[in-house]
Amino acid sequence: MIELKEVSCSFSDGFGGKGLFTAVSPLSTNFSDGGRYAIVGESGSGKTTLARMIAGLQRPSGGSVFVDGAPVYGRKRAGKEHFRKVQIIQQNSASALDPKIPVGKSIEEPLHCFFHMEKEKRRERCRNLMELCNLSRDYYTRLPSELSGGEQKRVAIARALAAEPQCLIFDEATNGFDLPLRKKIIDEIIDLQQQLGFTLIFITHDMELAVVVADEIFVMRNSNLVERAAFSGDYSVFHDPYSRMLLEASGLVNTSTEWNDKTKERIDLK
Ligand SMILES: Nc1ncnc2c1ncn2[C@@H]1O[C@H](COP(=O)(O)OP(=O)(O)OP(=O)(O)O)[C@@H](O)[C@H]1O
């Protein structure tokens, strides 16, 4: 279980004085083990900053993050076990892979670092992970630059899964891909989540994607969590006007009073 208590994050406003810019206003919420969540909102609303605080990469300015009851940020930075438990795949997965390290070695690194696995076992586990992530065995010795964007993404996923995470955060990770590839990678992630049971936190601008991927949707706007809704096909669970605007913008709802063809239902959204 991941719990956030009054977590916030501010940055210097960049003008050299003491002014602060709030990226995430204080918020409290939680993510249950094995759940599928989406954090959705416009660019700059604070989604990535929130994700980075959960992942142990950004110390909150206020409040606390707990994983299984233990605080992530003590006096020091987040510990190694936290970095194993919570894996994040950031927007530019290519830059997360060392250009000089071949794919196989890159996937094996967490096996060595977190589990001290021996070479032969590492190699075998790496092959399993590559298979799980639809990567050909032949790629074992390839450099990231010798792979397509989609393949690099799959390497980043395999590498994250090597840590046997309790939670995987997927940050706009399919941006810039054509639609069929985007869909394929998202289907693969959902499959993997169902097989392996990790908590999935999916970060996106796209409400249409959020409702497909997640059972619970967090809507962020201007650094605030404006709504958290459990979604199972009924859009009326969204009450906040901004959430409804995102639904309309995605074509999930045509007008303020009518659903589109996908549902053929009518509901008063005023
Ligand atoms: N390290 C930083 N220093 C200063 N400002 C930052 C820093 N990181 C993020 N910000 C600012 O905080 C705000 C929220 O950024 P964040 O990346 O969390 O938004 P986002 O919702 O993920 O946006 P996008 O969808 O475009 O990635 C932005 O205005 C951004 O410029």
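**Close-up views of a predicted model**

View 1. F66 stands opposite P71 in β5. Strands here are DSSP runs of E with at least two residues, helices are runs of H or I with at least four, and both are numbered from the N terminus. This is a predicted model: local features need pLDDT of at least 70, side-chain atom pairs count only at pLDDT 80 or more, and totals for chains, interfaces and linings use all residues. Residues are numbered from 1 along each chain as its sequence is written.

**View 2. Four strands form an open sheet.** The strand order is β2-β1-β4-β5, with antiparallel pairing. Two strands pair if DSSP finds at least two bridges between them. Strand β4 (residues 62-67) runs antiparallel to β5, and two bridges join them. Strands of a sheet pair through backbone hydrogen bonds.

**View 3. Helix α1 lies across the sheet strands β1, β2 and β4.** The helix runs at about 125° to β1 (2-12). Axes are lines fitted to C-alpha atoms, for helices over the stretch in contact, and angles run from 0 to 180 degrees between N-to-C directions. Two residues are in contact if their C-beta atoms, placed from the backbone, lie within 7 Å.

**View 4. Residues surround the ligand.** The shell includes F11, A23, K47 and H205. A residue is near a molecule if its C-beta atom, placed from the backbone, lies within 6 Å of it. Helix α1 (residues 47-54) gives the most to this shell, with three residues. By class, the shell has two nonpolar, eight polar and one charged residues. Nonpolar means Ala, Val, Leu, Ile, Met, Phe, Trp, Tyr, Cys and Pro; charged means Asp, Glu, Lys and Arg; the others, Gly among them, are polar.

**View 5. G150 sits in helix α6 (residues 149-162).** G150 counts as partly exposed because it has 17 C-beta neighbours inside 10 Å. The cut-offs within 10 Å are 20 or more other C-beta atoms for buried and 12 or fewer for exposed, with partly exposed in between; C-beta atoms are placed from the backbone. Leaving aside neighbours within four places in sequence, G150 is in contact with F177, L181 and I185.

**View 6. Two domains touch.** An automatic or database assignment sets the domain bounds. Domain 1 is 33-57 + 77-232, and domain 2 is 234-270. Their contact takes 13 residues from domain 1 and 11 residues from domain 2. On the domain 1 side, the largest share, four residues, comes from β10.
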